[in-house]
Amino acid sequence: MASSSQESAAMSEPHQNSLQGMAIMSGAMFILPTMDAIAKYMATFEAMSPGQVTFYRFFFQIACTLPILFALFGLKALSAKRPWMNLLRGALHGGASLLFFVAVKYMPLADVFAIYFVEPFMLTALSALFLGDKVGWRRWTAIVVGFGGAMIVIQPSYEIFGVKALLPVACAFLFSLYLFLNRAIGEADSPLTMQTMAGIGGTVFMAAALFLGNRSGNADFAVSLPSSSLGLILLLALGSISGYAHMLVVRAFRLAPLSLLAPFQYFEIISATVLGYALFNDFPSFSKWIGIFIIVASGLFIIWRERLQAQSLKSS
């Protein structure tokens, strides 16, 4: 029979891991909006197109992380069992990032993030429709209410920015497909391999998108090099943050359950609001705060209901 100290250690280890996971997730969520602030800065002050910034985001992510991955794990970092599915994930992530960076070029950071957070609603709907997940009327109601909150944020932005105000919705849809593929692939490949292959897929996708967009004469796909040493440093930081912050997210999900960590995603709105106000003097209006509150409350309700369902399945 284990001693009381051994039992205490065994019980405290999962608790300690969850605390570590929550701390890591919180840090990652505060850091990640820095990428989008850099993208907005590059478009606003460095006159670099969102398409070019998105390409550099994935290119420098690979440049920063791949040598370390090879040093630690060798070529097995790229030995995916489902390479084409992982490359497709990267392409979807590339498309979502492109739409997000185009949106932040024209719109305040906090507005874009608030609208983007319809993504959990889309993922829940996709899981119900294609994976057979049971979604009751309460969660369907929360999805509808959450989209209503997004409309409150979109409406004044639409009057100012037109169709561009809908870009975060399209971004959320592509990213929900990206996350949906994560679930569909399951554990066939390690998170490290999946992230590396996705980075390669995103780089290839953005190279093609940048080429075609530039050929069409779209200013949001103009090809350029950094015009200053600061711009180059920021792009390197963009790639580094992209690679290493997402590794923190992977680490957090290994330490704590999804249902515990999911609410921390909304910390991004706080960070984005602070950065938007400090760097670009953007701050959401009162009506937009109402929409943000509705989106966050609906999202948290869905997460809570999913957690209850998971607990009931375990107990049955």
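Leave out the neighbours within four places in sequence, and G202 is in contact with F58, G90 and A91. Contact here means heavy atoms within 4.5 Å. Before I go on, a word on the source: this is a predicted model, where local features need pLDDT of at least 70 and side-chain atom pairs count only at pLDDT 80 or more, while totals for chains, interfaces and linings use all residues. Residues are numbered from 1 along each chain as its sequence is written, and side-chain values use heavy atoms, with hydrogens and water left out.

Back to G202. This glycine lies in helix 9, residues 191-215. Helices are DSSP runs of H or I with at least four residues, strands are runs of E with at least two, and both are numbered from the N terminus. Is G202 buried or exposed? G202 is buried, because its relative accessible area is 0%. The cut-offs: buried is under 20% relative accessible area, exposed is over 50%, and partly exposed is in between, with a 1.4 Å probe and protein chains only. One distance to note on screen.

G299 is in helix 13, residues 286-315. G299 also has a relative accessible area of 0%, so it is buried. What does G299 touch, not counting residues up to four places away in sequence? G299 touches F121 and Y266. The C-alpha atoms of G299 and Y266 sit 9.1 Å from one another, and the two residues are 33 apart along the chain.

Next, the overall picture. The protein has 13 helices and zero strands. From the N terminus on, the elements run α-α-α-α-α-α-α-α-α-α-α-α-α. There are 316 residues, and 47% of them are buried. Take the contacts with a separation of 6 or more: 87% join residues 24 or more positions apart. The accessible surface is about 15300 Å², and carbon and sulfur atoms hold 69% of it. That area comes from the Shrake-Rupley method with a 1.4 Å probe; for residues, only the protein chains shown count as cover.

Now helix 2, residues 33-45. I have two partners to show. Two packed helices are described by the angle between their axes and the distance between the axes. Axes are lines fitted to C-alpha atoms, for helices over the stretch in contact, and angles run from 0 to 180 degrees between N-to-C directions.

Partner one is helix 12, residues 267-280. The axes of helix 2 and helix 12 come within 9 Å and cross at roughly 30 degrees. Helix 2 and helix 12 are therefore roughly parallel. On the scale used, under 35 degrees is roughly parallel, over 145 roughly antiparallel, 65 to 115 roughly perpendicular, and the rest oblique. The crossing of helix 2 and helix 12 is right-handed. Right-handed means the near helix is turned clockwise from the far one by less than a right angle; left-handed means anticlockwise. From helix 2, the residues in this contact are P33, T34, A37, K40, Y41 and F45. Helix 12 brings E268, S271, A272, L275, L279 and F280. The set splits into eight nonpolar, two polar and two charged. Nonpolar covers Ala, Val, Leu, Ile, Met, Phe, Trp, Tyr, Cys and Pro; charged covers Asp, Glu, Lys and Arg; the others, Gly among them, are polar.

Partner two is helix 10, residues 229-255. Here the angle with helix 2 is about 155 degrees, and the axes are 9 Å apart. Helix 2 and helix 10 are therefore roughly antiparallel. Helix 2 and helix 10 make a left-handed crossing. T34, M35, I38, Y41 and M42 of helix 2 meet L230, G231, L234, L235, A237, L238, I241, S242 and H246 of helix 10. This contact has ten nonpolar residues, four polar and no charged.

Last, backbone angles. Most residues other than glycine have a negative phi. Which loop holds A47? A47 lies between helix 2 and helix 3. Its phi is positive, about 55 degrees, and A47 is not a glycine. A47 has 67% relative accessibility, so it counts as exposed. N281 is in the loop between helix 12 and helix 13. Phi of N281 is near 60 degrees, again positive in a residue other than glycine. N281 is exposed, because its relative accessibility is 60%.
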